[in-house]
Amino acid sequence: MKAIVIGGGIVGLSAALYLRQSGWEVVVVDKDDMQNNCSYGNAGYVSPSHFVPLATPGIVKQGLKWMLNPESPFYVQPRLSWPLIDWGFKFMKAATPERVKAAAIPLRDFGLLSQQCYVDWKSQGIEMAYEHKGILEYFQTAEKEDHAHHFCEDAVKLGLEAEILTAGQVQAMEPHTRVNVKGALFFKCDAHMYPARMMHSLLSKLRSMGVELLSNEAVKGFERQGSRITRVVTAKGGHHADIVVLASGAWSRELAASLNISLPLVGGRGYSITMEDTAYRLNHPAILMEGRVAITPMDGNKIRFGGTMEITSTKEPPRINRVKGILDAVKRYLPEFDIPLPPIGQVWYGYRPCSADGLPYVGRSRKVDNLIMATGHAMIGLSLGAGTGKLVAELANEQATSIDLRPFDPERYN
């Protein structure tokens with residue numbers, strides 16, 4: 001039995017791993033070279049604490065204010081695009097307290113499953129510089145301090161290890177630099193890794209297992225017989241398929257549409273800068289709550305600064321002002337960090353696949369019998385990546401899934 005996996009990011013490669021381990025012949029096809037996609041430049045968090053979806057109350061109003069600021073952490077580029085308009089209406093409808101509350105347990109369960117999968121990968125020899133040291137969420141204002149207390153209470157109710165720290169406690173945990181905060185929310189349940197090392201190691205693992213990895217081979221369409229895909233058509237020919245996994249990230253909507261499946265999804269561009277062998281040091285990953293920036297010490301000698309959610313066309317050139325906003329935020333929290341603005345050519349950027357309600361699309365299609373969709377993970381793609389692959393294999397093998405997938409139904413908007 002042959003599985004065609006469309007997409008060479010963490011979700012697609014994880015699906016390939018679990019499918020191959022369960023006996024499938026697996027081919028992964030990707031329009032690029034699988035060496036620099038969104039799975040490489042992210043913050044590297046493996047975070048069960050990320051149980052709040054992107055679509056939250058207040059984010060729409062805040063986003064409208066931020067549209068006037070070229071350095072803001074959240075921006076939607078206005079353009080005449082029906083998919084964007086449709087996504088925007090659905091996003092606004094989903095941004096309610098009731099929907100956020102309903103998403104908490106499913107996202108927690110997904111996060112815990114995926115974290116255990118990564119731990120299992122370590123025992124299989126997949127290298128990732130994995131560290132379970134927790135993540136600190138710094139706050140500077142009374143508003144975010146109040147939010148942190150509520151967030152902490154919600155996390156504890158969900159069975160996650162979390163506590164509020166004073167400024168003095170935060171400073172004691174980070175003796176190498178001055179930290180300008182009122183305090184922090186400390187999620188002990190979280191871990192982090194170096195994404196590039198993990199991706200390269202995973203690719204090597206898949207090659208050794210006999211998975212066929214076809215890079216620079218864009219999918220152009222599908223041949224069907226009744227309600228089944230029989231062949232995946234690419235720019236270089238095509239491939240027979242017993243089952244197809246759609247895991248092509250921010251480019252998934254167009255492929256789903258060619259199968260008459262509505263998948264409200266847009267690309268949310270993020271940026272990151274990684275420094276090696278620098279004098280600036282942190283012991284723990286940190287999220288700057290007001291600045292919406294992530295900082296991750298990784299792989300022993302590296303530190304990464306990342307952020308922004310820029311809803312824009314994948315054809316738009318990157319904007320250096322977004323990077324300036326990230327570095328300005330870092331300076332406000334870590335005043336001894338004097339990081340020059342790099343030329344845009346030295347900045348990594350990638351497109352996160354953002355669903356309309358902030359929940360991933362993971363599940364079997366009801367319209368196409370042998371199609372499994374796995375996309376829409378937004379900013380938690382790496383965090384949920386390993387778990388998504390396990391779930392895809394369970395679906396392909398018609399097994400009971402490790403978590404309830406009803407909240408992640410990929411055709412919930414059809």
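**Sheet, helix packing and loops in a predicted model**

Colleague: Methionine 1 touches Trp24, Glu25 and Asp242, leaving aside residues up to four places away in sequence. Where does methionine 1 lie, and is it buried or exposed?

Modeller: This is a predicted model, and in it methionine 1 is found in the segment before E1. Residues count as exposed over 50% relative accessible area, and methionine 1, with a relative accessible area of 64%, is therefore exposed.

Colleague: How far apart in space are methionine 1 and tryptophan 24, C-alpha to C-alpha?

Modeller: Trp24 is among the residues that methionine 1 touches. In sequence the two are 23 residues apart, while in space, C-alpha to C-alpha, the separation is 5.6 Å.

Colleague: Which strands stand at the edges of the open sheet of 6 strands?

Modeller: The sheet has mixed pairing and runs in the order E9-E2-E1-E13-E20-E19, with a twist that averages 15 degrees from one strand to the next. Each edge strand has a single partner strand, so one side of it is left without a neighbour in the sheet, and the strands in this position are E9 (212-214) and E19 (361-364).

Colleague: Within that sheet, what is the bridge partner of isoleucine 6 in E13?

Modeller: Strand E1, residues 2-6, pairs with strand E13, residues 243-246, in the parallel sense over 4 bridges. Isoleucine 6 belongs to this pairing, and its bridge partner in E13 is leucine 246.

Colleague: Which strands does H1 touch where it packs on the sheet, and what angle does its direction make with that of E2?

Modeller: The contacts of H1 on the sheet are with E1, E2 (25-29), E9, E13 and E20 (371-375). The direction of H1 makes an angle with that of E2 of about 170 degrees.

Colleague: How do H1 and H4 cross, and is H1 parallel, perpendicular or oblique to H4?

Modeller: Two packed helices are described by the angle between their axes and the distance between the axes. For H1 (residues 10-21) and H4 (residues 97-123), the axes come within 13 Å and cross at roughly 60 degrees, and H1 passes H4 in a left-handed crossing. That angle makes the orientation of H1 to H4 oblique.

Colleague: Which residues make that contact, and how many of them are nonpolar?

Modeller: On H1 the contact is made by Ile10, Ser14, Leu17 and Tyr18, and on H4 by Cys117, Tyr118 and Trp121. No charged residue takes part and 1 is polar, while the number of nonpolar residues is 6.

Colleague: In E12, which residue is the bridge partner of valine 232?

Modeller: Strands E11 (residues 228-234) and E12 (residues 237-240) run antiparallel and are joined by 4 bridges, and a hairpin connects E11 to E12 through 2 residues. The bridge partner of valine 232 in E12 is histidine 239.

Colleague: Asparagine 216 has a positive phi although it is not a glycine; where is it found, and what is its relative accessible area?

Modeller: The phi of asparagine 216 is about 55 degrees, and the residue is found in the loop between E9 and E10 (219-225). Asparagine 216 is partly exposed, with a relative accessible area of 45%.

Colleague: Alanine 378 also has a positive phi without being a glycine; does it count as buried or exposed?

Modeller: Alanine 378 has a phi of about 55 degrees and is found in the loop between E20 and H10 (381-396). The limit for burial is under 20% relative accessible area, so alanine 378, at 12% relative accessibility, counts as buried.

Note on methods:
Residues are numbered from 1 along each chain as its sequence is written. This is a predicted model: local features need pLDDT of at least 70, side-chain atom pairs count only at pLDDT 80 or more; totals for chains, interfaces and linings use all residues. Side-chain values use heavy atoms; hydrogens and water are left out. Axes are lines fitted to C-alpha atoms, for helices over the stretch in contact, and angles run from 0 to 180 degrees between N-to-C directions. Angles under 35 degrees count as roughly parallel, over 145 as roughly antiparallel, 65 to 115 as roughly perpendicular and the rest as oblique. A crossing is left-handed if the near helix is turned anticlockwise from the far one by less than a right angle, and right-handed if clockwise. Contact means heavy atoms within 4.5 Å. Ala, Val, Leu, Ile, Met, Phe, Trp, Tyr, Cys and Pro count as nonpolar, Asp, Glu, Lys and Arg as charged, and the others, Gly among them, as polar. Two strands pair if DSSP finds at least two bridges between them. Buried means under 20% relative accessible area, exposed over 50%, partly exposed in between (1.4 Å probe, protein chains only).
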